Amino acid sequence: RGRRPVSGEAADRLRAAAAPERLAEFVLRRLRARDESGFWLCLVLLFGAVGSVAYLASAFAEAGSVQDDTRMFLAWMGRWDDPAALQGDLMADYWQSVSPWLFSALFRLAWLAGIEPVLFAKLLPAALFPLIAWYAYRFVRAIGADPAIAFATSLFALHECLYKDFVVSGTPRAFWPLLILVVLDGLARRRPLQTALGQLALCGTYPQLGLVTATVVGLTLFEPGARFLVSLERRRVLMVAAAAAATIAGILPFLLASSPFEPTVTLAEARTIPTFAHGGRGAIFEPDGSLDFVCQRRLGFFANACTDFPVLAFLGYFAALAAGPVVLFLRTLRPAAAPRTASRLPLYLLLACTLWFALSALLLFRLHLPSRYTFPVYLAAQLATVPLLLEWLRARRWPGRLSAGRGRRAAVLGGAALAAVLALLLATDVKRG
């Protein structure tokens, strides 16, 4: 016998009842897939765009407001409209002399295109956030993680950049998260041109971290088992040579430029200058005159991040977070039969940050401030530890129990709730530029 016809209203009810099942099946297929990069990449860019919109809403909430650091870097740019502006102003002269050449060139190009520096400084982070998420995703994919894991890790990196104030500042330090990711991705994919261009741009905008990534590139020649522990394989040597040339080209303008604000202040002189005293804008000394190289904002390895926690507890937390780079490094020494996430680059980045931090502390002020060299330590730890943690969670038995109907619906509801929470975090934790 033929089936009884179903009314339009009943058919709508049947379709509505089946929709959660179809959606659940789609989500589970995506989670199980190990090679579908396009779907997850679209989500990465979508969340990057959400971060940009959230930032723009915050940045333009108060017209004309910018951070103090931004104001100082931009004040001298009024001379492009009026060369006679701020004549004899030592502060304007100083900030013009310390503005990195590529940073100044980008703002100059925007000014020539009719975009005022203050407006460009507000728009710049919105362009950077999707690129940061994209290159974080690319790098984690390049070291062996599957698309779903790379997507989740890129969200952690994006949230870190939204929550901290470096990208939203619109100052030279806004560029380093993206450019470090470009260099790391180029190294992971063994692309000399990408690595060199990223290195050139980083040295031209934030030369301190250009020295860090140059050290990372040099460490890629290390190869256990090779003669003298150094590999002279052609591709590696080409990568190092290209990056070295880019580093020299990026830093050379700083070396050739003459400044009326030399020589650099010494530690003894700094003790007599109020701005460096405890409570001053550029404070480096504790109330008793000592130096804190662990938690102090300008000198500390953790740059003020551990002031709200007991130091030992914070160090334990960071040690757990930094375990990821060590595990990924050890995996490269013991290749597995099946492909797995492994890389030496996150550990190299941590080691390079630590090396330059120590050198800067020993030569205080001559290599700028020590904390400037450790900005990427959290990013390096996250890019390594988060994928390992997510892979461990997915390897547990409980995900396999989601095959039942209730399990699928729970997966969809849980995933939707998680996405809503992530979007809310991106929208509320963004720092105001």
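**Entry 1: overview**

I'm working from a predicted model. I started with the secondary structure, and the protein chain has 17 helices and 0 strands. Next I looked up burial: of the 433 residues in the protein chain, 44% are buried. Then I checked the contacts with a separation of 6 or more, and 68% of them join residues 24 or more positions apart.

**Entry 2: α8 against α10**

Which residues of α8 and α10 make the contact? From α8 I noted W176, I180, V183, L184 and L187, and from α10 L209, T213, V216 and V217. I sorted the residues of this contact by type and got 8 nonpolar, 1 polar and no charged.

**Entry 3: salt bridges**

How many salt bridges does the structure hold? The count is 12. I went through three of them.

I looked at D69 and R173 to begin with. Their side chains form a salt bridge at 3.2 Å, N to O. D69 sits in helix α3 (residues 68-75) and R173 in the loop between α7 (147-163) and α8, so this pair ties together parts 104 residues apart in sequence. I then asked myself about D69: buried or exposed? D69 counts as buried because its relative accessibility is 18%, and the cut-off for buried is under 20%. R173 counts as buried too, at 14% relative accessibility.

My next stop was R138 and D185, whose side chains meet in a salt bridge of 2.7 Å, N to O. R138 belongs to helix α6 (residues 117-142) and D185 to helix α8, so the pair ties together parts that are 47 residues apart in sequence. I found both R138 and D185 buried.

D185 turned up again with R189, in a salt bridge of 2.7 Å, N to O. The relative accessible area of D185 is 0%, so D185 is buried. R189, with 30%, is partly exposed. I also looked for salt bridges that share partners, and found D69, D165, R173 and R281 joined into one network.

**Entry 4: aromatic pairs**

Rings came next, and I logged 20 aromatic pairs. One of them is F73 with F103, an edge-to-face pair with 5.7 Å centre to centre and 70° between the planes. F73 is in helix α3 and F103 in helix α5 (residues 101-112), so to speak a link between distant parts of the chain, 30 residues apart. I checked burial for both, and F73 and F103 are buried.

F166 is in the loop between α7 and α8 while W176 is in helix α8, so the pair ties together parts 10 residues apart in sequence. Both F166 and W176 are buried.

Which residues do ring pairs link into a cluster? I wrote down F73, Y94, W95, F103, F107 and F120.

**Entry 5: a closer look at F103**

F103 is in helix α5, and at 0% relative accessibility F103 counts as buried. I took the C-alpha to C-alpha distance from F103 to F73 and got 9.9 Å, for residues 30 apart in sequence. With neighbours within four places in sequence left aside, F103 is in contact with F73, M77, G170, T171, P172, F175, G204 and T205.

**Entry 6: positive phi**

Last, I looked up two residues with positive phi. L86 is not a glycine, yet its phi is near 55°. I located L86 in the loop between α3 and α4 (90-98), and at 37% relative accessibility L86 counts as partly exposed.

R190 is not a glycine either, and has a positive phi of about 60°. R190 is in the loop between α8 and α9 (192-205). At 34% relative accessibility, R190 counts as partly exposed.

Definitions and conventions. Residues numbered from 1 in each chain as written. Predicted model: local features only at pLDDT ≥ 70, side-chain atom pairs only at ≥ 80, totals over all residues. Heavy atoms only, no water. Contact = heavy atoms within 4.5 Å. Helix = DSSP H or I, 4+ residues; strand = E, 2+ residues; numbered from the N terminus. Nonpolar A, V, L, I, M, F, W, Y, C, P; charged D, E, K, R; others polar. Salt bridge = Lys/Arg side-chain N within 4 Å of Asp/Glu carboxyl O. Buried < 20%, exposed > 50% of the residue type's maximum accessible area, 1.4 Å probe, protein only. Phe/Tyr/Trp six-rings, centres within 6.5 Å; stacked < 30°, edge-to-face > 60°.
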